[in-house]
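Please view the sequence and the structure alongside the text.

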Amino acid sequence: SKNKYIDIIANDTNSTIGDYASHLLSSVNKIVNVYHNHDKQLWLSFNVERDHTIILVSKYGKNKHLLRVVDILKERKIPFLVITSKQAKEWFNEI
């Protein structure tokens, strides 16, 4: 809630969920961008400022590309949330 900027990383159909979330978050004065292109997702993870919060939306959480992005965000201490249908305990054991 502290950060004004929110970046959503999602692939395929999940990017539609990201677009809808963007619309809702904009109504509470957040600046939101949705990244569905792999290159832009990776660029974001290397270059995003710490005043941003990242939301990752993944159906299963096993996408190697998204796991790499999470590793970069963790290393850079960028705040992030993961939304997935997979059990959270299983997800965090993998990252």
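The following sections treat the basis of the model, then the helix, then the strand.

## Basis of the model

The model is predicted: local features need pLDDT of at least 70, side-chain atom pairs count only at pLDDT 80 or more, and totals for chains, interfaces and linings use all residues. Residues are numbered from 1 along each chain as its sequence is written, and side-chain values use heavy atoms, with hydrogens and water left out.

## Helix α2

Helices (H or I, at least four residues) and strands (E, at least two) are DSSP runs, numbered from the N terminus. In helix α2 (residues 38-47), the buried residues are Gln41, Leu42, Leu44 and Ser45; buried denotes under 20% relative accessible area, exposed over 50%, and partly exposed in between (1.4 Å probe, protein chains only). Viewed down the axis of α2, these buried residues fall within an arc of 155°, so they line one face of the helix; the arc is that of the directions from the helix axis to the C-beta atoms. Asp39, Lys40 and Trp43, on the other side of α2, are exposed.

The buried residues of α2 pack against β1 (5-10), β2 (31-35), β3 (52-58) and α3 (64-76), where contact means heavy atoms within 4.5 Å.

## Strand β3

Of the 7 residues of β3, 7 are buried, so the strand is largely enclosed by the rest of the structure. His52, Ile54, Leu56 and Ser58 point one way from β3, while Thr53, Ile55 and Val57 point the other way.

Strand β3 pairs with β1 in the parallel sense over 6 bridges, and with β4 (residues 80-84) in the parallel sense over 5 bridges; pairing requires that DSSP find at least two bridges between two strands. Isoleucine 54 in β3 is the bridge partner of aspartate 7, and threonine 84 in β4 is that of serine 58.
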